[in-house]
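Hi,

Here is the model I said I would pass on.

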Amino acid sequence: MTDHSSGHPSYETVDLHIEERVAWLTLNRPDKLNALTPTTMAELRSIFTAIDDDEDVCVVVLRGAGERAFCAGMDLGWSERLTKKERIEQGRLGEKTFAMMERLSVPVIAAVHGYAVGGGLELALAADFIVAADDAKLGLVEITLSARPPYRPKMTEDGDPDQPEFGGSAPGWGGVKRLPQRIGKALAKELLFTGARIDAERAMRLGLVNDVYPAGEFDKRVGALAERIAAMNRYNLRLVKELVTYGYDWIEPHPS
């Protein structure tokens, strides 16, 4: 099947709609709080490959379907079924997928509402920047999965499948790298040590998100931001993204 508005295939766990040079990429498992599965990872990689050189796309907006969450991280059913070998490989799978998004030629905005926790926040951190609705709750909560009560969540009260018998466990999809880059080491350590979920206003104070919009205006405000970026020359967007991301010096333009 194909989304005829974009010419791209339709997908099982995500939705892609391209309009007016904006690629609206929506995680579409609202009944599961848009939790990530291997299928989602494969579909995201397919989309990133397709849109990277698509001249009709100047900006990507990544968002979650439904009212409750941007993304609740790794699907618990996937985690519980992993063999020891698969547990190693799923970390590589997530990091590889998110790195593809990070390296896209055009800007990527993560538009976060509701819960963005664990792997969901790691995904958002791979975007160029995050904007949040005022109902957002963000955090890398993985350390709490094997914590003592009352900090351990109910879903792992019988044991954390990600906690090895010996040694440690930490966020595995790039969060321990990208969070300190975004907000600094000391603040990142606080959030990682406590596994706290913070609200949108504190996230903005820390520099984790760029701006906070009222939930009732969120789609409109995100749309206006995307529309403005999409109005820019695609090659200039690509150049500026490369210069900032990789710390290049831009001495003078190449002659045409």
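Let me start with a lining: that of the second largest pocket splits into nine nonpolar, two polar and five charged residues (nonpolar being Ala, Val, Leu, Ile, Met, Phe, Trp, Tyr, Cys and Pro, charged being Asp, Glu, Lys and Arg, and polar the others, Gly among them). Before going further, the ground rules: this is a predicted model, where local features need pLDDT of at least 70 and side-chain atom pairs count only at pLDDT 80 or more, while totals for chains, interfaces and linings use all residues. Residues are numbered from 1 along each chain as its sequence is written, and side-chain values use heavy atoms, with hydrogens and water left out.

Back to that second largest pocket. Its 16 lining residues include Ala127, Asp128, Phe129, Val244 and Thr245, which lie nearest its centre. Two or more lining residues come from each of α5 (175-183) and α9 (234-246), and α9 gives the largest share, five residues. The volume is about 460 Å³. A pocket here is an open set of points on a 1 Å grid over the protein atoms alone, where a 1.4 Å probe fits, with protein on both sides within 12 Å along at least five of seven lines; lining residues have an atom within 4 Å of a point. Points are joined across faces, edges and corners, and the volume is the space filled by probe spheres set on them. Helices (H or I, at least four residues) and strands (E, at least two) are DSSP runs, numbered from the N terminus.

The largest pocket has a volume of about 1,300 Å³. It is lined by 48 residues, and Met74, Glu142, Leu145, Met155 and Asp162 are the closest to its centre. By class, that lining has 21 nonpolar, 15 polar and twelve charged residues. At least two lining residues each come from α2 (76-81), α3 (84-102), β8 (115-117) and α4 (119-125), with the largest share, five residues, from α3.

Now α3 again, this time for its packing. Helix α1 (residues 38-52) packs against α3 at about 25 degrees, with the axes 9 Å apart (axes are lines fitted to C-alpha atoms, for helices over the stretch in contact, and angles run from 0 to 180 degrees between N-to-C directions). The two helices are therefore roughly parallel (angles under 35 degrees; over 145 is roughly antiparallel, 65 to 115 roughly perpendicular and the rest oblique). Their crossing is left-handed, as the near helix is turned anticlockwise from the far one by less than a right angle; clockwise would be right-handed. On the α1 side, Met41, Leu44, Arg45, Phe48 and Thr49 meet Leu93, Gly94, Lys96, Thr97, Phe98, Met100 and Met101 of α3, where contact means heavy atoms within 4.5 Å. That contact has seven nonpolar, three polar and two charged residues.

The other pair is α5 with helix α6 (residues 185-194), whose axes come within 7 Å and cross at roughly 130 degrees. That makes α5 oblique to α6, and the crossing is right-handed. Val176, Leu179, Pro180 and Ile183 of α5 touch Lys185, Leu187, Ala188, Leu191 and Leu192 of α6. This contact has eight nonpolar residues, no polar ones and one charged.

Finally, two backbone details. Pro149 and Pro150 are joined by a cis peptide bond, with omega about 5 degrees, and Pro150 sits in the loop between β10 (137-139) and α5. Glu20, in the loop between β3 (14-19) and β4 (22-27), has a positive phi near 50 degrees despite being a residue other than glycine.

Cheers
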